[in-house]
Structures are given as structure tokens and as C-alpha cells.
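Please look over the sequence and the coordinates below before reading on.

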Amino acid sequence: MPSINEQPIPAARPVIGEDEIEAAVRVLRTGRVVQGPEVAAFEEEFSALVDGRHCVAVNSGTSALHLLLMAMGVGPGDEVIVPSFSFAASANAVRLVGADVVFADIEPGSFNLDPAAVEAAITPRTAAIMPVHLYGHPAAMDKIMAIADRHKLAVVEDACQAHAAALNGTPVGAFGTGGTFSFYPTKNMHSLEGGMISTGDAEIARTLRLLRNQGMEQRYANEIVGANMRMTDVAAAVGRVQLAKLNGWTEQRIANAAYLSEHITAAGIVTPPVAEGARHIYHQYTVRVQGGDRDAVMAKLTEAGVGNAVYYPTPIHRLKPYWEPDQKAGRNWDLPETEKAAVEVVSLPVHPSLTQNDLERIVTAVNALGENL
């Protein structure tokens, strides 16, 4: 148990400070609150994070995935290769455009799509590959892009957990046909709620701007069938403040993760490896519990005042909307690394609000588990 003077360490701690509040109030006082100058400025500033690509702001990370697939023309009859070890939004976006989800297994180290599994999953109907940069570790984009080029496939990067992650110096969101980011409050930066799409294709960027705004570029001059997935100027103003702080927060997350990896020594707890050339930005610091009872481990950590969580306990292919149709169609996915990860992973606090005392408490609590594993 934590001492009477020690508060539990939360698994995540969204930041809403005076800067964010002042930015929101400033916009509210202007009276122009939806997709105005703040959104345009946020798009331009975020572009620097993705090698100058076109950026289109929307109302959520899920909307970003959905609209990007729509703008690319992915739809009924197409297949998209997706990891099952991810949040359901990755696959949901594919279903929402009427395409079929094909699940591929993951690498045990990065928890991201295994390029060999991707290549094995390609069929004549494959239209796109959707690597997810899970927990902030970039997927093996060099290998995935080579596969996509060979087979003439689009690549949709789900970078919703990976703001400022990179591989060999190239930021995520700047590899594929397009990339998507989430600004949900628990992400490494947020806009209260929102999303961003990056793309190097000017025509796709224009289509995205139409799709998010009822198909209009000029008022009442609808060019295509669109939706209302706009970002508010209040959200963009908060996002701009957060974006300016992102680099410092990211460096603190990396430093916190390095401390944890150096000092966690409990047998049976496997700390997260980082692939060569990867910049892991630690949206989550995710360990594996091997050879022990994960539920008991989590209960012990909670008792010690250390927040923890499992992302994700049920792979997407085992969720009802996917499992039942696949079973009826006779599809059985062989995803051993996905299944193993789902029963072993636990995420520990790594957010930039942690103090040195917090880090020491986390290490002490985790190392004390060794005798129980």
C-alpha cells in the first residue's frame, strides 16, 4: 500500500493547463468557432511534424481513418490488411467504407504488423495495408513500403498513438499514402477531441477537405457527397498550444521510459525493446508478464498505488462484430503473436507528469513482483 502521504500514480494524466484554457476562451470571444483560422493554423503547424505534407484536421482520429479510406476510393470488394492487436477503430474504419478487414499477425517486440505476415495476407482484392504504430513505436515501414510498392498497394498509417515517432529519421505519417493522428485527451498531445490526416497527395487532400465539410469547398456549392467531420476552432486552439509543448513532453516520456527499462529487473517482466533506427515516443510503456498471473500482477501494482491498464485484452478479430461474421464465413485467423500479447501485456505510467519519486515507486512496485512470478 502507498503511504498515507502518497497519492496513487495515474496510468495517464491529460494536461489541461492555463495556456489551453486561455486559448479556448480567446477563440470563444471571437465568435468564430468552427473550422476557421485556428484550424488552418493548426494544420500548417502540424505539417512540420510530417515532413511538410498536406494536413487536414477533423473531429476525431476515427474520422481521420474513415475519411482517408473514402478519399482513396477504398470500398466494397476491397480488402485492407490490419493488425488485430489494436484499438477497434483501426478495423472499424475499414468496415465503415464497406471494405473487408484481413487480419495479419504482429512482431513480438514492437507489437506492430509483421511484414512477413502482411505479404502472406495479400490477395487480388487487397487495396491497402494499414500499419498501426502501436504504443508510439513505429511499425517496420521500410519493409512495409517495399511490400506495398511491389504489389502496387496503398498504405494508410494509423499513427493515432505516435505523434513525433520516427523510423530512420522519417516521421510516421510521412511514409504512406496518408497518415492519421488522434487528439483524444489521453494521447501524447490533445485538442480535447480531434484528429489530423497527413498526405503527400494534393488531390487526396482536397477530397478530404470536401468530405469533412458536406462535400463543399464553397458554401452551398456541393461537389460530392460528404459528411460533417469538421474540427472546431476551440479544439484547434488547444491543439496548437499542445503541439508547441509536444517536443518537451516527448523527450520526458523517452527519459522516463529509459529509467524504467534500466531499473526494472523483476524476473518475468519483459520491458519494451526498441527496434534499430526507431524513435519510440511511448504513448504507452508496455511490459509483458511472462510465466505469471497478469491479473494478480495488476492487483499488486494497484495495491501499491501504481496505475496500470491493458491495451488490449481482446484482439479485434475476437470482438463480436468481427468474430461472428468471420465464423459464419468460415474464416479462422491464425495470429499466435497477437493472442500471446493480449494475455501478457500491461502498460505502466510513463507520462511526462511523473516525478522522480513516482518513477522510483513504479520500479520498486514492479521489482517487488519478482518473487510472485
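Which backbone nitrogen does the side chain of Asp201 reach? The side chain of Asp201 reaches that of Glu203, at 2.9 Å, and a polar contact is here a pair of N or O atoms within 3.5 Å, where within protein one must be able to donate a hydrogen and the other to accept it, and where residues adjacent in sequence count only if both atoms are side-chain atoms. The model is a predicted one, in which local features need pLDDT of at least 70 and side-chain atom pairs count only at pLDDT 80 or more, while totals for chains, interfaces and linings use all residues. Residues are numbered from 1 along each chain as its sequence is written, and side-chain values use heavy atoms, with hydrogens and water left out.

Asp201 sits in the loop between strand E9 and helix H7 (202-211), where helices (H or I, at least four residues) and strands (E, at least two) are DSSP runs numbered from the N terminus. With a relative accessibility of 32%, Asp201 counts as partly exposed, because that class lies between buried, under 20% relative accessible area, and exposed, over 50%, as found with a 1.4 Å probe on protein chains only. The C-alpha atom of Asp201 is separated by 27 Å from that of Tyr135, and the two residues are 66 residues apart along the chain.

Strand E9 (residues 195-199) is joined to E1 by five bridges, and the two run antiparallel; strands are said to pair if DSSP finds at least two bridges between them. Four of the five residues of E1 (residues 54-58) are buried, so this strand is largely enclosed by the rest of the structure. Cys55 has Ser198 as its bridge partner in E9, and Cys55 is buried, with a relative accessible area of 3%.

The structure holds zero disulfides, and Cys160 is itself buried, at 9% relative accessible area.

A further set of three strands forms an open sheet in the order E7-E6-E11, with antiparallel pairing. Its edge strands are E7 (170-171) and E11 (278-279), each of which pairs on one side only. Two bridges join E6 (residues 166-167) to E11, and Leu167 has Ala278 as its bridge partner there.

The pockets come last. On a 1 Å grid over the protein atoms alone, a pocket is an open set of points with protein on both sides within 12 Å along at least five of seven lines, and lining residues have an atom within 4 Å of a point. The largest pocket holds about 460 Å³ of space, and of its 25 lining residues Phe87, Gln161, Ser182, Lys187 and Tyr312 lie nearest its centre. Helix H3 (61-72) and helix H4 (89-96) are the elements that give two or more residues to this lining, and H3 gives the most, with three. The second largest pocket holds about 160 Å³. It is lined by 13 residues, of which Ala140, Asp142, Leu167, Ala275 and Glu276 are the closest to its centre.

Definitions and conventions. Disulfide = S-S within 2.5 Å. 1 Å grid on protein atoms, 1.4 Å probe; cavity = no way out; pocket = protein on both sides within 12 Å on 5 of 7 lines; lining within 4 Å. Points joined across faces, edges and corners; volume = space filled by probe spheres on them.
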